[in-house]
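Please walk me through this model, from its overall build to its salt bridges.

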Amino acid sequence: MSFDSILQQLRNDRPALSSLLILLGIVLIGMVIGNILGAIALVMTSGINELMGTNPTEMVIKSKNGWWGLIMAQGLAEFVTFILAGVFFWKVVEKKKLIVLNFNHTPQAFVFITMVATMLAAMPLMGYIQEINAQMKLPESLHAVEDFMRKTEDQLAEMTEMLTDFKSFGHMLVGFVVIAIFAGVGEELVFRGLLQRKLYLGLKNPHLAIWLTAIIFSAIHFQFYGFLPRMLLGALFGYLFYWSGNLWLPIAAHIFNNGFAVVMYYLYHEGHISKEVVDMNEVPLSAVLISIVLVFGLLWYLVQQTKRPQGKISE
């Protein structure tokens, strides 16, 4: 996709600033409603009487149906915050059809195959960046900030560990729907389909829009020691949308990324692979260098393929 052709298709959009403020408001409202519904589902499903305690996470873990309660809460929060809020904004505020989120028709199958190969090739590099990010140290004067970041990270890690503690193949399938499909569709709809689109319209600079969206995408997860790899992942999703002009490509990439992790956690709990393989710890430098070469080569090939004219989506 060319810069001018995308801007031309944005000519009937609402102004960028007002759209961003309205989108923010709708997502925040969705987040509140989604988390309230999720908390209700968690309490009703897990069998605990309340979430107020010294350690709510521990209460959920020890409850009879804690996993089901937690996965339902996560699914409701994800669905309402992103999918429902995003569709509401586009259909009610923008008054447009969902298909107009795309600038081009769906790419051919080999583009998706190249994307999957790129995601796989990037894993050693992402693992290496994750290691660097995890070793981040703040100055002594910011000790209180670092302590807060560490505690938040530990709590989220504990919650993630529980969510991915699949006891059966059925658990894994439900986890795949919530963690991969809901997150992939909802987050890409809001961040790439709407936020990046509006920043693109306002800033008139695709790269600035992509990277700002990636930073916000990473920051909103509140996982400070995974900020860099998630930001780079968000930027990759952003460029996939920019190059292809179709939102289904970054959605598929997001689903593949999260879904691959879900399957790996399942294999780990089944005893087929080690925790080190799941976490991609201690990646050899040689593997990182090979990863970089493969990623850049595959991305170059992907750009060439997405340059092929496929027609435009009409309103």
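**From one aspartate to the whole chain**

At 25% relative accessibility, Asp165 counts as partly exposed. The scale behind that label runs as follows: buried is under 20% relative accessible area, exposed is over 50%, and partly exposed is in between (1.4 Å probe, protein chains only). Lys167 is exposed, with a relative accessible area of 59%. The side chains of Lys167 and Asp165 meet in a salt bridge, at 3.0 Å from N to O. Here a salt bridge is a side-chain nitrogen of Lys or Arg within 4 Å of a carboxyl oxygen of Asp or Glu.

A word on the ground rules. This is a predicted model, in which local features need pLDDT of at least 70, side-chain atom pairs count only at pLDDT 80 or more, and totals for chains, interfaces and linings use all residues. Residues are numbered from 1 along each chain as its sequence is written, and side-chain values use heavy atoms, with hydrogens and water left out.

How confident is the predictor? The score, pLDDT, is its confidence in each residue, from 0 to 100. The protein averages 88, and 90% of the residues score at least 70. Among the elements, helix α8 (residues 206–219) has the highest mean pLDDT, 96. Helix α3 (residues 56–62) has the lowest, 61.

Now the overall build. The secondary structure comes to 12 helices and zero strands. Both kinds of element are DSSP runs numbered from the N terminus: helices are H or I with at least four residues, strands are E with at least two. The radius of gyration is 20 Å, close to the 20 Å that the globule rule gives for 315 residues, so the protein is as compact as a globular protein of that length. That radius is taken over C-alpha atoms, and the rule is 2.2 Å times the number of residues to the power 0.38. The C-alpha atoms fill a box of roughly 55 × 50 × 50 Å along the principal axes. Buried residues make up 46% of the 315. Among contacts (heavy atoms within 4.5 Å) between residues at least 6 apart in sequence, 78% join residues at least 24 apart.

Next, look at Asp13. Asp13 lies in the loop between α1 (3–9) and α2 (16–46). Its relative accessible area is 10%, so Asp13 is buried. Which residues does Asp13 touch, leaving aside its neighbours within four places in sequence? They are Trp90, Glu94, Lys96, Arg197, Lys198 and Leu201.

Two of these partners form salt bridges with Asp13 through their side chains: Lys96 at 2.3 Å, N to O, and Lys198 at 3.2 Å, N to O. The Asp13–Lys198 pair links distant parts of the chain, 185 residues apart, with Lys198 in helix α7 (residues 169–203). Lys198 is buried, like Asp13.

The Lys96 bridge also spans the sequence. The side chains of Lys96 and Asp13 meet in that bridge. Lys96 lies in the loop between α4 (66–93) and α5 (109–134) and Asp13 in the loop between α1 and α2, so the pair ties together parts that are 83 residues apart in sequence. Lys96 is buried, and Asp13 is too.

Step back to the whole set. A search of the whole structure finds seven salt bridges. Elsewhere, salt bridges that share partners join Asp13, Glu94, Lys96, Arg197 and Lys198 into one network.

Technical notes:
pLDDT = per-residue confidence, 0-100.
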